[in-house]
Amino acid sequence: MPKIVEIATVIDNIRITDDVKKLVLSSPKIATQARPGQFIHLKIGGSYDPLLRRPLSIAEANSDKGTLGIYYRVVGRGTELMAQLKSGDMVDNVGPLGQGFDLNCKRPLLIGGGMGIAPLVFLTQELCPRPIEVVLAGRTNQEMFWQDCFARSCQDVHITTDDGSLGFKGNALAVLPNLLDKKFDMIYVCGPKPMMSGVAKLASRAGIPCQVSLEEHMACGIGACLSCTCAAGDGTRKKICTDGPVFWAEEVVW
Amino acid sequence: MVNTAVDIAGIRMKNPVMTASGTFGSGLEFSDFLDLGQLGAIVVKGMTLEPCSGNKGRRMAETAAGMLNCIGLENPGADEFINKTLPKLAEFDTPVIVNIAGKTIEEYGELAGRLNVAGVAGLEVNISCPNVKQGGIVFGTDPACAASVISEVKKASKLPVIAKLSPNVTNIVEMAQAVEAVGADAVSLINTLLGMAIDIKTCKPVLGNIVGGLSGPAVKPVALRMVWQVASAVKVPVIGMGGIMCADDAIEFLLAGASAVAVGTANFVNPRATIQIAQGIEEYLSERGLTDVKQLVGMVNN
């Protein structure tokens, strides 16, 4: 699938919580080609500062409307600029980038932590109407704005918060052993690395194939700069931007 | 008609816009975005004799109008490049220049010898990588060392040899003259400027390697000054680079005395930057009624 440069138009930039927003872009060429797990690389503003594009995972892609939905947390100057985007603004968009999830399964379990939940929204859309269970993990109930994204298309939504303000008190790993008694044939996980490596271990022990979505600082997003490479289990080096971001858990050296 | 073709040490290019090593992969990574056949030359990612996995930890940090990197010359090694990548690049009518790096002077020679193969138009000798402890910058900051490396590569290679100079020196003219004296066919400059960033929340360096090379628009004035100094002091062609983001930047380097330019960090921001810069140079020439890009070279009015 060729990578595309497209000038996208901001449709909406919605406040979700104090520090999370959802950007909706009209980006028809990329929206029609995007697969769950892929990302876009956005250049916000024409200035040299900040200089680089920002990699953002695709949470929604509507090929009929030609729109993309991106959830982002405002953490630095790039996302602060993003937060100021208004309907009608233009942004330079490159995508769809990277290898997405393998959807070949009948009974999937999805596990997301923090902003790592974003690509699972798109994944859920595509896996539907298969019976999906999802574990959403966050620090507090403030971060649990995702429920509506999953409620309709998932059979079961399990919530964990570190502080116990919503759902199970603890992290995703704590609820997993009980869930794995069920007959899942695929696990998808995206979130903090310790969570993903923990899930990978439990999945391997349970004999369930597991796909993980990795994250790393990157400059180009297209396999040229080698900022984001990692060691793979087979002794080779993998580029998170083009060989990933989605990998089979056993490919990754945790 | 405007003539944009240039000849750099016997390497014929359609236009003076090259890619800067390390910012353009093997070139093939960009084939969705542009026709590689329209580039002046492709300078591929720095290569070592054996595969190299590069540095551990975080390798890239954005800074004001620039970025730091400490990739550490990750590459699949010469054999993989010659057998797998080079045949694919041969499909394009664009000279391929291989950037080479070694741990010892002998290794530079051996690698240069290995690259005497069809499809390689020239070598760019990386005597200036700031991110590897042995080699790289050690050779690039001492004129006698730099000369020994270039001399060894010249002995082993049948190809035009370009010495890539480090800006992390007090006197870059002395470096350029040292490599010219032992037969370098051209010089390219600048490599990245050694820099650093610290995370004040953790009080730790941002980069895994602690220090890294600064590139991007932030370094352009330094690069331009060095290109101008070197171009006035050597007879061999100068390839100018450092923070070129657009045609106007590239034209500045040509005016300062560069016979060709290389586009680096801009490729990360705009994957079509090289082609747009080549077009922009042509438009500038037309607008001024100039017929040949060579008419710009060194034409800064001091």
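Q: How many residue pairs are in polar contact across the interface of chain A and chain B?
A: In this predicted model, the rule finds 11 residue pairs in polar contact across the interface of chain A and chain B, both residues being at pLDDT 80 or more. On the side of chain A that touches chain B, the elements that give two or more residues are strand 1 (4–15) and strand 15 (237–239) of chain A. By class, that side of chain A has 16 nonpolar, 4 polar and 7 charged residues.

Q: What makes the pair Asp32(B) and Lys3(A) a salt bridge?
A: The closest N and O atoms of Asp32(B) and Lys3(A) are 3.8 Å apart, and a salt bridge asks for a side-chain nitrogen of Lys or Arg within 4 Å of a carboxyl oxygen of Asp or Glu, so the pair meets the rule. The count between chain A and chain B is 4 salt bridges.

Q: Why is Thr265(B) called buried?
A: Thr265(B) has 7% relative accessibility, and the word buried applies under 20%, so Thr265(B) counts as buried. Thr265(B) lies in the loop between strand 16 (260–263) and helix 8 (266–269) of chain B. Leaving aside neighbours within four places in sequence, Thr265(B) is in contact with Leu51(A) as well as with Thr23(B), Met67(B), Ser215(B) and Gly216(B).

Q: What makes the pairing of the side chains of Thr265(B) and Ser215(B) a polar contact?
A: The two side chains come to 2.7 Å, and the cut-off for a pair of N or O atoms is 3.5 Å, so the pairing counts as a polar contact.

Technical notes. Residues are numbered from 1 along each chain as its sequence is written. Chains are lettered from A and ligands numbered from 1 in the order in which they are written. This is a predicted model: local features need pLDDT of at least 70, side-chain atom pairs count only at pLDDT 80 or more; totals for chains, interfaces and linings use all residues. Side-chain values use heavy atoms; hydrogens and water are left out. A polar contact is a pair of N or O atoms within 3.5 Å; within protein, one must be able to donate a hydrogen and the other to accept it, and residues adjacent in sequence count only if both atoms are side-chain atoms. Helices (H or I, at least four residues) and strands (E, at least two) are DSSP runs, numbered from the N terminus. Ala, Val, Leu, Ile, Met, Phe, Trp, Tyr, Cys and Pro count as nonpolar, Asp, Glu, Lys and Arg as charged, and the others, Gly among them, as polar. Buried means under 20% relative accessible area, exposed over 50%, partly exposed in between (1.4 Å probe, protein chains only). Contact means heavy atoms within 4.5 Å.
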